[in-house]
Amino acid sequence: MLTLPAFLVAIALLIAIHEYGHYRMAVACGVKVLRFSIGFGKPLLRWQSTPTSTEFVLALFPVGGFVKMLDEREGPVAPELKHMAFNTQSLRRRAAIVAAGPAANLLLAVLLYALVNWIGVLLPEAILSPPPAASLAAKAGLQGGERVLRMGAVGAEPTEVGSFEDVRWALTRGAMDGEDVSLVVAGANNIEREVQLSLSTLDSSQVDAELFKSIGIAIPLTCPTMGELQADGAAALAGLLEGDEVQSVDGQPIMDGQQLRSVIRNVASQGQTKTQRWKVLRGTQLLELSVTPKLVLDGGQTIGRIGGFVGSRPAMVTVSYGPLDGLWRGVSQTWDISVLTLKMMGKMLVGQASIKNISGPLTIADYAGKSAGMGVIQYLTFLALVSVSLGVLNLLPLPVLDGGHLMYYLWEGATGKPVSERWMERLQQGGIALLILMMSIALFNDLSRLLG
């Protein structure tokens, strides 16, 4: 229910901010703005303070927008108004007007991230779950239950870790950069030690669940307690109750909900299930129960299920910052995501990353609805992320985008003459074709994710 309105609000807001950046800079540079429109198609609302002032329009389809400026290339301009036409402005002013749109999106992202940092957000604590046996984390000696205190690239000064999200972000950057990462962790005895993860050995062509599975740090530690149970499920039939805490399965110690889920899923052997011996803690009483998971077909694979929710919510911590720290962190987050986005695009361009990483409107709409359903903080974070993406995308040197116009101005500044009309027409056609190709790939990826 929230998906469509959350998506439309997000797109309309981000486009309005983008176009307002162009508008505000144009006015500051003395350029006459004829129309400021949010959306395309039939105007729904119009407002104009005087017959000669800017006309503000809200149109039928709020998935785009534009700022129409006085320009001799688009129609005759009265001699007394030529100094207010866009095309008569200096190169520096034209470049500033074009760059102001993406800059407004990046500035919005800074403010949104800062707002989230000031309000505070509830995030999982940086406590690690037991890693898979063949993962980098297991090879580095991590066993699960360790709290990550500090981390960073090997050889660099490690930074403080506030939540599990900081861990995931540092691992993402390390994998993308091909850099090994150092973690300072503390176990149950509070003794600190340093471990290194050889992320440079991984294939980071796609930052997804499989990458974090290879690293061995995918989700935070959760208590292996039983949640809601189905009346006819294997767990209920075995005598398990909601709130039971699993201590071991077939003699194997269990310390994490994900670990328990894996033990249940992998119970099938040659198409046949087996009865497991579970030791559970019910209050202060230690019980031993026989549990026989049922075999089900999931995605072409036979797995075990017990008919109940396994694992509790991870330990949470409220992360917030003061006025200056929160603002500086907002700047850092916007910068880091911008750099990561450009690196991913560069890797896709040279074939080192999969084009499956490109997301389109359906995926964005899906995330918009999910984040809105989770709360205001999550939705603000989503808006910040999309605002960064919109700002960075528009700065790419592609004709029809703001970055393409800046590319023309760079040529003009270097040669002393503008790009010829003939070349500009060719570049515009190529840019449109490339943009259509990118949108087609994004839409195909969206459909593959939703239908797969």
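Is glutamate 55 buried or exposed? In this predicted model, in which local features need pLDDT of at least 70, side-chain atom pairs count only at pLDDT 80 or more, and totals for chains, interfaces and linings use all residues, glutamate 55 is buried, with a relative accessible area of 14%; buried here means under 20% relative accessible area, exposed over 50%, and partly exposed in between, with a 1.4 Å probe and protein chains only. Residues are numbered from 1 along each chain as its sequence is written, and side-chain values use heavy atoms, with hydrogens and water left out.

The side chain of glutamate 55 meets that of arginine 35 in a salt bridge with an N to O distance of 3.0 Å, a salt bridge being a side-chain nitrogen of Lys or Arg within 4 Å of a carboxyl oxygen of Asp or Glu. This pair links distant parts of the chain, since arginine 35 belongs to strand S1 (residues 33–47) and glutamate 55 to strand S2 (residues 55–69), 20 residues apart. Helices (H or I, at least four residues) and strands (E, at least two) are DSSP runs, numbered from the N terminus.

Across the whole structure, 15 salt bridges are found. One of them joins arginine 150 and glutamate 192, whose closest N and O atoms are 2.9 Å apart. Here too the pair links distant parts of the chain, with arginine 150 in strand S4 (residues 147–153) and glutamate 192 in strand S7 (residues 192–197), 42 residues apart. Both residues count as partly exposed, arginine 150 at 23% relative accessibility and glutamate 192 at 45%. A further salt bridge is formed by lysine 370 with aspartate 366, the closest N and O atoms being 3.3 Å apart; these two residues both lie in helix H9 (residues 361–374), where their separation of 4 residues is about one turn of the helix. Lysine 370 is partly exposed at 49% relative accessibility, and aspartate 366 is likewise partly exposed at 24%. Salt bridges that share partners also join Arg35, Arg46 and Glu55 into one network.

Strand S7, which holds glutamate 192, pairs with strand S6 (residues 181–186) in the antiparallel sense over 6 bridges, where two strands pair if DSSP finds at least two bridges between them. Within this pairing, leucine 183 stands opposite valine 195 in S7. S6 and S7 form a hairpin with 5 residues between them, and asparagine 190 in the turn has a positive phi of about 65 degrees. Strand S13 (residues 294–298) and S14 also pair in the antiparallel sense, over 5 bridges, and leucine 297 has threonine 302 as its bridge partner in S14. The hairpin of S13 and S14 has 2 residues between the strands, with glycine 299 in the turn at a positive phi of about 60 degrees.

Glutamine 301 is placed in strand S14 (residues 301–305) and is partly exposed, with a relative accessible area of 44%. Apart from neighbours within four places in sequence, glutamine 301 is in contact with Arg265 and Val296, contact meaning heavy atoms within 4.5 Å. Glutamine 301 and valine 63 are 238 residues apart in sequence, and their C-alpha atoms are 41 Å apart in space.

Grid points are joined across faces, edges and corners, and a volume is the space filled by probe spheres set on the points. The second largest pocket has a volume of about 520 Å³ and is lined by 19 residues, with Pro130, Pro132, Lys213, Gln258 and Ser262 nearest its centre. Helix H5 (209–215) and helix H7 (257–265) are the elements that give two or more residues to this lining, and H7 supplies the largest share, 5 residues. By class, the lining of this pocket has 9 nonpolar, 6 polar and 4 charged residues, where Ala, Val, Leu, Ile, Met, Phe, Trp, Tyr, Cys and Pro count as nonpolar, Asp, Glu, Lys and Arg as charged, and the others, Gly among them, as polar. The count of cavities of 30 Å³ or more comes to 1, and the largest cavity holds about 30 Å³ of space. Among the residues that line the largest cavity are Leu128, Ser129, Pro131, Gly216 and Ile217, and its lining has 5 nonpolar, 4 polar and 1 charged residues.

Methods:
1 Å grid on protein atoms, 1.4 Å probe; cavity = no way out; pocket = protein on both sides within 12 Å on 5 of 7 lines; lining within 4 Å.
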